[in-house]
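Biologist: I have a new structure open and would like to learn how to read it. Could you take me through it feature by feature?

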Amino acid sequence: MASSCADPPRPHYPFSPLTNKEIKLSAEILRATYPPTIDLHFKAITLHEPAKEDMIAWMAAGGEHSVTDSSVPRPPRRSYIPYYIRNTERFFEAVINLDTRSVESNIRLGEGVHGPADWAEIAVVEKVALEDEGVKRELEKLDFPKDMVVVCDAWIYGSDGIDDLRRQFQCFLYARPANEPDSCHYAFPLPISPVIDGETKTVTRIDLLPTGNDFTVPTEVKPWKPQTTNEYLPEYNKLRTDLKPLQVVQPKGASFTITSPDHSGTGKILEWQKWRFRIGFNSREGMVLYDVSYDNRSLFYRLALSDMNIPYGDPRAPYHKKAAFDLGDVGAGLCANNLTLGCDCLGSIHYLSGWLADDRGEPIDMKNCICIHEQDAGIGWKHTNYRTGRAALVRNRELVLQSIITVSNYEYILAWIFNQAGEVTYEVRATGILSTSPFDPDLPPEEAPDWGTIVHPGVLAAHHQHIFSLRIDPAIDGHKNSLIYEDTEVLPRDPVKNPHGVGYITKQTTVTESCGLNTHVERNRRFMIQNHSVRNPINHKPVGYKIVSTPFQKMLADHDSWHWRRAEFADKSVYVTKYRDGELYAAGKFTNQSRGGDGVRTYASRKDPVADEDIVVWVQFGLNHIPRIEDFPVMPVEILRVSLKPVNFFTANPAIDVPPSTQSFNRSTLLAGAPPSSTHTAQMTAPSMPKSNSSLTEKSMAATETTCCSVNTYDEDTERQQPKQSAKNHNQNHHQPPSSPTTTTDTTANSEKESVMHNEEAPTCGCRKKKSGFGKKAGECCHVS
């Protein structure tokens, strides 16, 4: 098929995200199948990943190093497009072959299947809600002072089985001072909630919200009673004055390298401390990691956050439908922040940007959506020989890949963290602002409903859960893996085997069929992914990785509820399924007003064989958020972690070869006023030894003085010569500039001289947050891309 667009650069690697030209070309190819009068509303234009079987065969044949070998063809380059005929309910998904420039498939989806929201659509919905004459009449009854304006939060409508097949939005209204666009409007929730038809973009009804401690809905809107503001912005708060700068400096640059070996510039390979993997980015999952290996041994084919669900516990209408799937309903990539130097990321920073599509099929440059840096995480391992006083110690250096998303009121800081001991951790930090509802200020706080907390006069924050699903596609020394759970059991008292009653053992069970499983704290249950065909050369046990995650409260809504039906992952700690192409999302492909029946619970119900097979492991984690007043007006971070740690994969501690920590390397300083210390202050006194061993003792003690077991003598004159840091140098950073998406190779991150990025590329913090959306300008800082 001919195209008016110039040929896009052809990436060599099939996992490379789409380029801006490929996004534009995909839209043109699809549009060409319709008459010119038909307007398409694109929900995404993203990479359609190749079939795994084809990809593995191509990789085994040499991958990008054998692109001219026709015996194993490179998987075709495809894009995936979910889209609407604009202003209709006709919803499609198409696959475009970019090699042949043709539409491979174009399928209209059935009734009740809805695509995600996008920023353009949300902006229209909010405008419709605030300009509707019926809504204006209800707002007039509030008798607002002239210095207050109304703000609209458009929510996905949800599902309850009552007239919910059409695409709709439930809007929640708030107020704020007119002179402060960044004011915390969640301190002023209003009792008016318009419902918008997603097709006609008109208000179909106006719900009045309950404001008491029961299900009573007011028949009339009462005049609004002014309350005090509750602001999180620094200019409205008295700030501390005793905080001194803490600067992360790497004078020789960072220890990782990032390269772009293909023509697109979008495919990134990161190498650090024996780790090697590829970095992807898409509109739904945000950051994706591919082909993860350690010391040239395969570990994971694909890693990504699959989805998250936030079901609310307020049983009253319309709150009973309030349950967001932040990845499926909107998208982690679409909500990614433009990360700022010295604010979101500290240290020697390397940024990655990505390309997404807007509703018109035009490329959107998501600047600095991923930041990469190293951090010190304390001691990695240490032992002191108390006989000689010698300590051996290494610091735990970590590599962090971080992205931050803003989904309406909430922020999530999402990070992959790698260490030098072969461990990888996925970390979520939840922050942002509570989604609030109105509470009658004439009622005493003691009469607040049991399903929420009063966080400000007239403001109720309902109980809710945050449940995440991490999708792990393992390749532990190969693609034939098994999921094992291991329980610790008490060994029965026995005169021969356990005469003192202190023994206990572990019992391993191999999961043979796809299913969901739960943790068991009393049994110290741990889940492991093993490769039974590869054995540890020392203990002959299968090589593997264990899953370390904190137990959490599963979905609290009952099994007949729409919350439970829709969030198919939220009822089990772990699911294991047999791999199938296209099964990437724990709650199904389309979560907007979903009905259930698509997702990991459905996948697992097939009872596929999963022992020594190509499997996928879905790990759930989360928190039950019972709001406290300290969570308002902005919430301190709640930290959740899932770690993947080697079990019998290596023959010793993988970090045994990390150089010891020394003062000459780390350059720590002794604070002024502290008593001077000799090099022996931190040493343990060695016991007396026979004279014949004195040379050994002297050698050990000499070695001790070169490590962090000793503390260097404080030099007061040197300290006095250090210039005082000015306030503007607080949180000063060194970092590498991001490469252009069209360059072939990035600047390596371990360069001797570190450059400073211009403000328009990586703005510093301290400025106002700009309105999110696609129309942003370069230089707008602290905002959502």
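Biologist: How many helices and strands are there in the protein?

Modeller: Helices (H or I, at least four residues) and strands (E, at least two) are DSSP runs, numbered from the N terminus. Here the protein has 10 helices and 33 strands. Keep in mind that this is a predicted model, where local features need pLDDT of at least 70 and side-chain atom pairs count only at pLDDT 80 or more, while totals for chains, interfaces and linings use all residues. Residues are numbered from 1 along each chain as its sequence is written, and side-chain values use heavy atoms, with hydrogens and water left out.

Biologist: What share of the residues count as buried?

Modeller: Buried means under 20% relative accessible area, exposed over 50%, and partly exposed in between (1.4 Å probe, protein chains only). Of the 785 residues of the protein, 52% count as buried.

Biologist: Let's zoom in on one helix. Which residues of α3 are buried?

Modeller: A handy idea to start with: an α-helix has 3.6 residues a turn, so residues three or four places apart point the same way. In α3, the buried residues are Trp-119, Glu-121, Ile-122, Val-125 and Ala-129. They cover an arc of only 160° around the axis (taken from the directions from the helix axis to the C-beta atoms), which puts them on the same side of α3.

Biologist: And what caps the N-terminal end of α3?

Modeller: Look for a polar contact: a pair of N or O atoms within 3.5 Å; within protein, one must be able to donate a hydrogen and the other to accept it, and residues adjacent in sequence count only if both atoms are side-chain atoms. Asp-118 does the capping, with a side-chain oxygen 3.1 Å from the backbone nitrogen of Ala-120.

Biologist: Which cysteines does the disulfide join?

Modeller: A disulfide is a pair of cysteine sulfur atoms within 2.5 Å. The structure holds 1 disulfide, and it links Cys-345 with Cys-371, S to S 2.1 Å. Cys-345 sits in the loop between α5 (326-330) and β16 (348-357) and Cys-371 in strand β17 (residues 363-384), so the pair ties together parts that are 26 residues apart in sequence. Cys-345 and Cys-371 are both buried.
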